[in-house]
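Please open the model in a viewer and keep the selection panel at hand.

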Amino acid sequence: MGNLVAQHKKPAHRYAHISVILKVTERCNLACPYCYFFFGGDESYKTHPPLMGAVTVEQVIRFVKDMKQATGINLVRIGLHGGEPLLMKRAALQAMCSALRAALGDEPELTLVLQTNGVLVDAGWIDLFEELRIRVGVSFDGPPEVHDKTRITKGGEGSYAESLRGWNLLREAALAGRIEEPSILCVVAPNQDGGMIFRHFVETMKAKALSFLLPDLTHDAVPLNRAVIEGCTRFLLGLAEAWASSTERGLYVRLIDEFVGPILNDELYKRKAMLFSPSHQVCVSSNGELCPDDVIRTYSPEFAETGLTVDGQGYDDVLAHPAWRTLQAAQTSLPAACRGCEWSDICGGGLLQHRYSRRRGFDNPSIYCSSLKALYEYLTRVLVNSGCSRDDMQDRIRRLATRHEEPVAQQGC
Ligand code: SF4
């Protein structure tokens with residue numbers, strides 16, 4: 001184990017996990033125009049096998065074991081991604097997940113999460129999710145009049161009805177205690193009403209866990225996309241208003257809970273203190289090639305064409321590679337323009353994919369900085385109106401970056 005790995009062992013934390021995205025299928029039954037994978041400019045998928053084979057899966061297992069040993073981190077989260085993972089034959093996905101479970105353990109050591117458009121979900125797939133304890137996220141953009149504009153087949157047909165049928169099967173299985181509650185992944189549409197979309201998911205579809213993804217834009221596109229950013233701000237504020245007035249219990253809304261959670265909950269506060277720790281993440285193409293991030297690979301060949309594979313390398317080689325070094329340096333530092341921002345210790349400058357420009361790399365605040373500030377201000381007002389002290393909240397946020405493993409002395413407001 002080289003010095004580089006030893007250096008990365010130090011920040012290993014009991015909440016840290018290894019993150020592996022497996023591109024188990026590099027084809028899709030839909031053709032959503034905003035899809036970064038097929039329409040983001042990186043067309044390497046055309047030269048990759050449509051499905052990840054059993055030999056590659058064995059190599060992935062060996063590689064993940066090496067990551068665990070090199071980092072000292074025991075928790076592994078594997079995302080089964082596509083394209084559409086359910087284009088894989090059921091027996092092949094069953095063999096893949098059985099091998100991963102046998103080699104890497106059950107929860108919490110290994111979490112398996114499959115991201116699908118829901119169209120192909122049926123009773124047989126539910127049996128498999130139950131048998132191998134696979135969590136499922138389904139991509140929806142909103143009610144049919146919204147969803148069917150963007151989540152379309154290659155012939156231009158909307159997919160809401162088929163996705164909803166799959167969603168309902170998943171929910172029934174969750175209600176019966178067979179699988180974990182499915183979650184919804186929604187790409188923020190700047191011309192839509194975030195409150196209306198939240199209510200559709202929560203009140204009509206009975207979703208309990210929601211993730212809203214801001215569109216994948218970089219600073220190189222900002223002048224073109226000012227209206228998009230302003231639209232995203234409106235969407236987030238509508239979403240937050242609907243969340244604040246919702247009477248549903250047990251909801252998890254990622255963008256909101258990532259802000260509110262650490263302020264109200266000590267356990268989440270301790271996890272958030274890892275904000276500036278380097279992540280140990282890889283994305284594996286169906287042919288076994290490695291890159292550091294599934295979205296950022298589309299920004300520049302330096303993040304896509306690493307020359308590394310799960311077959312040829314150990315995790316030492318990965319950590320020494322310029323692409324990972326660049327991303328880990330960005331993860332562990334605040335963009336210069338964010339210094340002095342009152343939200344910096346909870347925001348961290350935003351997601352890496354929103355910090356990028358060709359000229360400055362990741363040394364930019366999120367292109368959604370104004371949207372995030374508006375969201376944080378709004379949520380702060382909600383918490384203050386609920387009895388939290390603004391000074392206590394800000395003090396707690398300020399101390400986040402330095403707390404790490406320290407015991408939390410003070411309860412959330
Ligand atoms: S991206 Fe904006 S809100 Fe976030 S830390 Fe930087 S300046 Fe603050």
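A contact here means heavy atoms within 4.5 Å. By that criterion, among contacts between residues at least 6 apart in sequence, 72% join residues at least 24 apart. The model is predicted.

**The whole chain.** Of the 413 residues, 54% are buried. Switching to a surface view displays an accessible area of about 17,900 Å², with 51% of that area belonging to carbon and sulfur atoms.

**The nonpolar core.** Next, select Leu22, Ile78, Phe201, Phe212, Phe259 and Val282, the residues with the most contacts inside the largest nonpolar core, which has 107 residues. Helix H9 (residues 226–245) supplies the largest share of this core, eight residues. Then centre on leucine 22: beyond its neighbours within four places in sequence, leucine 22 is in contact with Met52, Val60, Ile78, Gly79, Leu80, His81, Leu100 and Val284.

**Helix H5.** Select residues 123–131, where Gly124, Trp125, Ile126, Leu128 and Phe129 are the buried residues of the helix. Which elements do the buried residues of H5 pack against? They pack against helix H4 (90–104), strand E3 (110–116), strand E4 (134–139) and helix H7 (160–175). At the start of H5, show the side chain of aspartate 122, one oxygen of which comes to within 3.1 Å of the backbone nitrogen of glycine 124. At the other end, just after H5, stands arginine 133, in the loop between H5 and E4.

**Backbone geometry.** Most residues other than glycine have a negative phi, and most peptide bonds are trans. Arginine 133 has a positive phi, near 50 degrees, and because its relative accessible area is 35%, arginine 133 counts as partly exposed. Lysine 206 likewise has a positive phi, of about 60 degrees, although it is not a glycine. Look for lysine 206 in the loop between helix H8 (194–204) and strand E6 (209–213); its relative accessibility of 41% makes it partly exposed.

Two cis peptide bonds follow. One runs from glycine 82 to glycine 83, with omega near 10 degrees, and glycine 83 lies in the loop between strand E2 (76–81) and H4. Another runs from glutamate 107 to proline 108, with omega near 5 degrees; proline 108 is placed in the loop between H4 and E3.

**Two buried loop residues.** Select serine 286, in the loop between strand E8 (280–284) and strand E9 (290–291). Serine 286 counts as buried because its relative accessibility is 1%, below the 20% cut-off. Its side chain reaches the backbone oxygen of proline 49 at 2.6 Å, and the contacts of serine 286 beyond four places in sequence include Lys23, Glu26, His48 and Thr56.

Move to histidine 321, between helix H13 (315–320) and helix H14 (322–331), which is buried with a relative accessible area of 15%. Histidine 321 touches Thr306 and Leu308, residues up to four places away not being counted. The C-alpha atoms of histidine 321 and leucine 308 are 8.9 Å apart, for a separation of 13 residues in sequence.

**The ligand.** Finish at the ligand, surrounded by Cys338, Cys341, Ser344, Cys347, Gly349, Pro365, Ser366, Cys369 and Lys373. Helix H15 (344–347) and helix H16 (369–385) are the elements giving two or more residues to this shell. Coloured by class, the shell shows five nonpolar, three polar and one charged residues.

Notes
Residues are numbered from 1 along each chain as its sequence is written. This is a predicted model: local features need pLDDT of at least 70, side-chain atom pairs count only at pLDDT 80 or more; totals for chains, interfaces and linings use all residues. Side-chain values use heavy atoms; hydrogens and water are left out. Buried means under 20% relative accessible area, exposed over 50%, partly exposed in between (1.4 Å probe, protein chains only). Helices (H or I, at least four residues) and strands (E, at least two) are DSSP runs, numbered from the N terminus. A polar contact is a pair of N or O atoms within 3.5 Å; within protein, one must be able to donate a hydrogen and the other to accept it, and residues adjacent in sequence count only if both atoms are side-chain atoms. A residue is near a molecule or strand if one of its heavy atoms lies within 4 Å of it. Ala, Val, Leu, Ile, Met, Phe, Trp, Tyr, Cys and Pro count as nonpolar, Asp, Glu, Lys and Arg as charged, and the others, Gly among them, as polar. A nonpolar core is a set of buried Ala, Val, Leu, Ile, Met, Phe, Trp, Tyr and Cys residues joined through side-chain atoms within 4.5 Å. Accessible areas come from the Shrake-Rupley method with a 1.4 Å probe; for residues, only the protein chains shown count as cover.
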